[in-house]
Amino acid sequence: MSTVGYGQREVARARYAVAAVFAVHGAVTGSFATRVPWIQDHAGVSAGQLGLALAFPALGASVAMPLAGSVSHRFGARAALRGLLALWTLALVLPSLAPNLLTLCLALFVYGATAGMSDVAMNALGVEIENRLDRSIMSGLHGMWSAGALIGSAAGTIAAHLGADARLHHLLAAAVLTVAGLVACSWVLDLQPAEDEDPPPRFALPPRSALLIGAVGFCAVFAEGASLDWSAVYLRDELETSAGLAAACTTGFTLTMALARLAGDRVVDRFGAVRVVRVSGVLATLGGLLVVVGGHPAVAMAGFALMGLGIAVVVPLCFAAAGRAGSNPSLAIAGVATITYTSGLVAPSAIGGLAQATSLVVSFGLVTVLACCLVVFAKVLRVGDRGRPKIGPAKAGVPDRRA
């Protein structure tokens with residue numbers, strides 16, 4: 001992409017624009033997640049059938065995400081993000097309209113395809129801005145995603161408490177978010193391909209560095225996807241709570257994720273990515289244990305909140321590490337995005353399938369095991385670790401040595 005014509009002021013403004021885009025993207029997810037029980041009842045599907053349907057976003061994303069780079073190359077970063085984000089916000093309406101399993105699967109396929117492509121486009125712009133500013137911002141950007149998810153899930157909680165029809169709720173939410181996304185995209189960097197730049201391949205295997213980093217992201221995003229789509233169902237079915245309280249659990253999860261991500265850049269700058277991810281894994285594991293063995297709504301809600309706190313900064317750190325790893329950062333970013341995002345979309349169906357065979361308690365036992373893996377494999381993020389404690393200010397012409 002061409003890098004000519006942007007000063008620090010324009011880049012700083014673009015940072016806030018991309019942050020708004022992240023918030024809009026998250027609001028769509030939050031709006032959907034809190035109404036999953038309503039969508040399940042409206043479509044008349046069982047837990048196992050719901051798990052099957054929730055595999056289709058993963059399929060749609062897997063097919064469509066490799067195309068995001070080609071779309072950006074052809075239309076430019078700004079136009080591509082504007083179009084892809086609008087498709088994603090409008091796709092929110094589709095799942096609530098589905099009257100049966102077949103139509104729900106088709107709706108969720110489109111939902112996942114548009115989600116994946118817009119996610120890759122906005123993360124690529126986020127990493128580009130981080131590199132130009134030469135300081136960590138990815139955790140804050142993902143914090144804005146969580147803040148958006150919080151707003152969306154809070155609205156969904158109110159709608160569920162009032163017994164509102166999810167079709168009307170999602171139609172209104174889609175209209176508002178589409179307008180907000182179009183406005184935000186007007187201020188992002190309008191990167192254009194250089195004249196001699198070849199278009200990216202539509203399909204390419206990710207480098208080995210992306211596989212290792214993506215494995216860490218896989219564990220975190222699996223826990224995130226499972227919690228977002230199944231926390232409300234868990235409280236309603238396993239602990240027999242009201243629909244409003246069940247939706248509030250999802251809101252609590254997104255709240256702790258938002259707060260941790262918004263504060264994450266400073267924490268990473270002070271302690272380093274590896275140390276932060278190890279502590280995060282411990283917190284997420286403790287949260288999973290509370291969900292599995294608590295047996296009470298308040299304990300389970302605290303567990304989901306703690307899990308959100310634990311996994312919050314892992315994915316932003318994976319994207320940041322991918323952007324500094326290997327000889328082809330863009331390919332590494334795309335590879336990590338594919339692995340982590342597919343994990344989040346596969347997780348709900350995997351949880352549903354395991355719940356059908358056993359129970360949701362066993363399903364979240366698996367989530368707890370994966371959270372524990374964060375502690376073990378955090379060291380792969382040491383590559384290009386931007387945030388580590390500084391021994392002292394670097395002198396001119398002397399590399400800044402970090403512990």
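This is a predicted model: local features need pLDDT of at least 70, side-chain atom pairs count only at pLDDT 80 or more; totals for chains, interfaces and linings use all residues.
The model's local features need pLDDT of at least 70, side-chain atom pairs count only at pLDDT 80 or more, and totals for chains, interfaces and linings use all residues. Residues are numbered from 1 along each chain as its sequence is written, and side-chain values use heavy atoms, leaving out hydrogens and water.

Q: Why are H9 and H15 called oblique to each other?
A: The axes of helix H9 (residues 138-162) and helix H15 (residues 314-323) cross at roughly 135°. Angles under 35 degrees count as roughly parallel, over 145 as roughly antiparallel, 65 to 115 as roughly perpendicular and the rest as oblique. H9 and H15 are therefore oblique.

Q: Which residues make the contact between H9 and H15?
A: With contact meaning heavy atoms within 4.5 Å, H9 brings Met 138, Ser 139 and His 142, while H15 brings Val 315, Pro 316, Phe 319 and Ala 320.

Q: What classes do the residues of this contact of H9 with H15 fall into?
A: Ala, Val, Leu, Ile, Met, Phe, Trp, Tyr, Cys and Pro count as nonpolar, Asp, Glu, Lys and Arg as charged, and the others, Gly among them, as polar. The contact has five nonpolar, two polar and no charged residues.

Q: Which helix gives the largest share of the lining of the second largest pocket?
A: H12 does, with five residues. Helix H1 (8-33), H9 and helix H12 (243-271) are the elements that give two or more residues to this lining.

Q: How many residues of each class line the second largest pocket?
A: The lining has seven nonpolar, two polar and five charged residues.

Definitions and conventions:
Axes are lines fitted to C-alpha atoms, for helices over the stretch in contact, and angles run from 0 to 180 degrees between N-to-C directions. Helices (H or I, at least four residues) and strands (E, at least two) are DSSP runs, numbered from the N terminus.
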